[in-house]
Amino acid sequence: NEWRAARDEQYTYARWIGGEDLLFNNVEDPYQLHNLVDDPEHQSAYNRLSSFVDNKIDELGDPFKPTTWYRNRWINNRIILQSATREFNNGGSSDAW
């Protein structure tokens, strides 16, 4: 499963491609056992980190696709044909690098 995440001094926020969000307080819950995403006391941390992830996805032009979408950007000899943001003009030859 594909996910994106951000972390600060206190919290870890993660978003799965299926839409599930996770928020953990790393100070009080270092093993990340209690998802705080729906806890009103942690709403400001959720809003801040969720917005950060949204902005970073936009900034990078990240399509946030399933893992197979990224895998299919490779050819058999492991030369990258396309990244998340652009195609490479290497013609499938390792000499182009």
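Residues are classed by relative accessible area: buried means under 20%, exposed means over 50%, and partly exposed lies in between (1.4 Å probe, protein chains only). By this scale S51 is partly exposed, with a relative accessible area of 36%. S51 lies in helix α1. Its C-alpha atom is separated by 10.0 Å from that of A6, 45 residues apart along the chain.

The structure is a predicted model, in which local features need pLDDT of at least 70, side-chain atom pairs count only at pLDDT 80 or more, and totals for chains, interfaces and linings use all residues. Residues are numbered from 1 along each chain as its sequence is written, and side-chain values use heavy atoms, with hydrogens and water left out.

The chain has two helices and three strands. These elements are DSSP runs numbered from the N terminus: helices are H or I with at least four residues, strands are E with at least two. Along the sequence the pattern reads β-β-β-α-α. Of the 97 residues in the chain, 34% are buried. Among contacts between residues at least 6 apart in sequence, 30% join residues at least 24 apart.

Strands β2 and β3 pair in the antiparallel sense over five bridges. Pairing requires that DSSP finds at least two bridges between two strands. T12 has F24 in β3 as its bridge partner. The two strands, β2 and β3, form a hairpin with four residues between them. G19 in the turn has a positive phi of about 110°. Strand β3 covers residues 21-25, and five of the five are buried, so the strand is largely enclosed by the rest of the structure. D21, L23 and N25 point one way from β3. L22 and F24 point the other way.

Nonpolar packing was examined next. A nonpolar core is a set of buried Ala, Val, Leu, Ile, Met, Phe, Trp, Tyr and Cys residues joined through side-chain atoms within 4.5 Å. The largest such core has 12 residues: A6, Y11, Y13, L23, L36, V37, A45, Y46, L49, V53, I57 and F64. β2 and α1 each supply at least two residues of this core. Helix α1 gives the most, with five residues. In soluble globular proteins, nonpolar side chains tend to be buried together.

Charged pairs form a further set of links. Side chains of opposite charge can pair when their charged atoms come close. A salt bridge is a side-chain nitrogen of Lys or Arg within 4 Å of a carboxyl oxygen of Asp or Glu. A search of the whole structure finds six salt bridges. One of them joins the side chains of D62 and R4 at 2.5 Å, N to O. D62 lies in the loop between α1 (43-60) and α2 (67-71) and R4 in strand β1 (residues 3-7), so the pair ties together parts that are 58 residues apart in sequence. D62 is buried, with a relative accessible area of 15%. R4 is buried as well, at 15% relative accessibility.

R4 also takes part in polar contacts. A polar contact is a pair of N or O atoms within 3.5 Å; within protein, one must be able to donate a hydrogen and the other to accept it, and residues adjacent in sequence count only if both atoms are side-chain atoms. The side chain of R4 makes such a contact with the side chain of E2 at 2.8 Å. Another, of 2.5 Å, joins the side chains of R4 and D62. E2, R4 and D62 are linked in a network of salt bridges.

The side chains of D8 and R48 meet in a salt bridge at 2.7 Å, N to O. This pair links distant parts of the chain: D8 is in the loop between β1 and β2 (11-16), R48 is in helix α1, and the two are 40 residues apart. D8 is buried, with a relative accessible area of 17%. R48 counts as partly exposed at 44% relative accessibility. R15 forms a salt bridge with D54, the closest N and O atoms being 2.8 Å apart. R15 lies in strand β2 and D54 in helix α1, so this pair ties together parts that are 39 residues apart in sequence. At 14% relative accessibility R15 counts as buried. D54, at 34%, counts as partly exposed.

How values were computed. Contact means heavy atoms within 4.5 Å.
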